[in-house]
Amino acid sequence: MPVHALRHVMAASIAAGALALSVTGSPAHATTPLKYAALGDSYSAASGVLPVDVTNLLCLRSTADYPHVIAARTGARLTDVTCGAAQTKDFTQAQYPGVAPQVNAVAVDTDLVTLTIGGNDNGTFINAMLACGTAGVLSGGKGSPCKDKYGSSFDDAIDANTYPALKSALNSVRAKAPGARVAVLGYPWITPATADPSCFAQLPIASGDVPYLRALQTHLNAVVARAAAETGSTYVDFAQASEGHDACKAVGTRWIEPLLFGQNIVPAHPNALGERRMAERTMSVLGLD
C-alpha cells in the first residue's frame, strides 16, 4: 500500500476510535477515584469469610468484605480499617494494641465512609444470641424463656447507651471529613420473623424468642437509623432487602450463617453472598451502581 494511502487509513482509524469514545463515554474509572474509608465492626469486616486479610489478624477482616466489593466495582481507593468486635468507642480509641482508632483512617479529603456499628455495644448481639440460644436448648425450643428472663433489658441498654454512643461516633467521623458522604448500614436479618421448627438444630432459639430477637434487632436498626439522620449520614436499610435471607434459609439463599452447622468460622454473621448483597444495596442507595 502506498505511504499516502496508509496514512489515510491510519487517520480514518484514529478518527473512528475518537468517535467511538465520544459515543460510549470515558473508560471506566478514568476520573479521579473516590477516596473511600471503611469503618465498622465484624459485619463490615466480614469476619469469618475467606480469604482473611493477613495484614491484621486481630481484626479478623476479610478481603471479600463489602467495602472491598464496593471498591472493586467503583475503582475507589479503599482504606479498610473494619475490625471484628468493634464498638462505637473504638472509633476514637485503640481497640487493640497497635490498632489505631478507626477515625484516623478518615481525612478532610475523604469522599466516602461506610460502616456498621452499635451491635457490639453492651454486648447486644453476642449476649442476646448466647442467652437465647442457651435458653432455647434448655427449654427444648418451647415457650419464650429468654424473653421471660431478660425482658426489656437489652432494649433499655440500646436506648440508654448505644444511641448516644452512636451519635458521638458518627459526629467524630463528621468532624474529620465534613464533606464526605457517610453511609451507615443497618444489620441484615439474623432470624426469620417467626420460628421455623426445621431450623432449630442450626438456630436453637425457642419459638417464642425468635420474634423477641427479631424485635430487638428491629429496635437496634431503628436507633442506628435515627443516629444517622441526626448526624447528616445516609442510612442503608436492609429490612426489606434481607427479608427471606436470614440464617434459617438454605445455602445460596441466606446472607447470614446460623449459630450451628454453618459454613463460616464465625456464626450469626454475613457470608460472602451477604457481603456482596450488602455492597450492592449500599451502592444502589448511594447511586454508585
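Student: Which backbone atom does the side chain of T74 reach?

Tutor: This is a predicted model, and in it the side chain of T74 reaches the backbone nitrogen of A76 at 3.3 Å. A polar contact needs N or O atoms within 3.5 Å.

Student: Where is T74, and why is T74 called buried?

Tutor: T74 lies in helix α3, which covers residues 66-74. The relative accessible area of T74 is 16%. Buried means under 20%, so T74 counts as buried.

Student: What makes L60 partly exposed?

Tutor: L60 has a relative accessibility of 29%. L60 sits in the loop between α2 and α3.

Student: Where is A268, and is A268 buried or exposed?

Tutor: A268 is in the loop between β5 (234-236) and α8 (272-286). Its relative accessible area is 10%. The limit for buried is under 20%, so A268 is buried.

Student: Which residues does the cis peptide bond join?

Tutor: The bond joins L50 and P51, and its omega is about 0°. P51 is found in the loop between α2 (42-45) and α3. Most peptide bonds are trans.

Student: Why are α6 and α7 called roughly parallel?

Tutor: Helix α6 (residues 153-176) and helix α7 (residues 209-230) pack at an angle of about 30°, and their axes are 9 Å apart. Angles under 35 degrees count as roughly parallel, so α6 is roughly parallel to α7. The crossing of α6 past α7 is right-handed.

Student: Which residues of α6 and α7 meet, and how do they divide by type?

Tutor: On the α6 side they include F154, I158, Y163 and L170, and on the α7 side they include Y212, L220, V223 and R226. The residues of this contact divide into 12 nonpolar, 2 polar and 5 charged.

Student: Is Y163 buried or exposed?

Tutor: Y163 belongs to helix α6. Its relative accessibility is 15%, and the limit for buried is under 20%, so Y163 counts as buried.

Student: What does Y163 touch, leaving out residues up to four places away in sequence?

Tutor: Y163 touches I158, V223, R226, A227 and E230. Contact means heavy atoms within 4.5 Å. With R226 there is also a polar contact between the two side chains, at 3.5 Å. The C-alpha atoms of Y163 and L220 are separated by 8.7 Å, and the two residues are 57 apart along the chain.

Student: How many helices and strands does the protein chain have, and in what pattern?

Tutor: The protein chain has 8 helices and 5 strands. Along the sequence the pattern is α-β-α-α-β-β-α-α-α-β-α-β-α. Of its 289 residues, 47% count as buried.

Student: What share of contacts join residues at least 24 apart?

Tutor: The share is 72%, taken among contacts in the protein chain between residues at least 6 apart in sequence.

How values were computed: Residues numbered from 1 in each chain as written. Predicted model: local features only at pLDDT ≥ 70, side-chain atom pairs only at ≥ 80, totals over all residues. Heavy atoms only, no water. Helix = DSSP H or I, 4+ residues; strand = E, 2+ residues; numbered from the N terminus. Buried < 20%, exposed > 50% of the residue type's maximum accessible area, 1.4 Å probe, protein only. Polar contact = N/O pair within 3.5 Å; in protein donor to acceptor, adjacent residues only side chain to side chain. Axes fitted to C-alpha atoms, helices over the stretch in contact; angles between N-to-C directions. Parallel < 35°, antiparallel > 145°, perpendicular 65-115°, else oblique. Left-handed = near helix turned anticlockwise from the far one by under 90°. Nonpolar A, V, L, I, M, F, W, Y, C, P; charged D, E, K, R; others polar.
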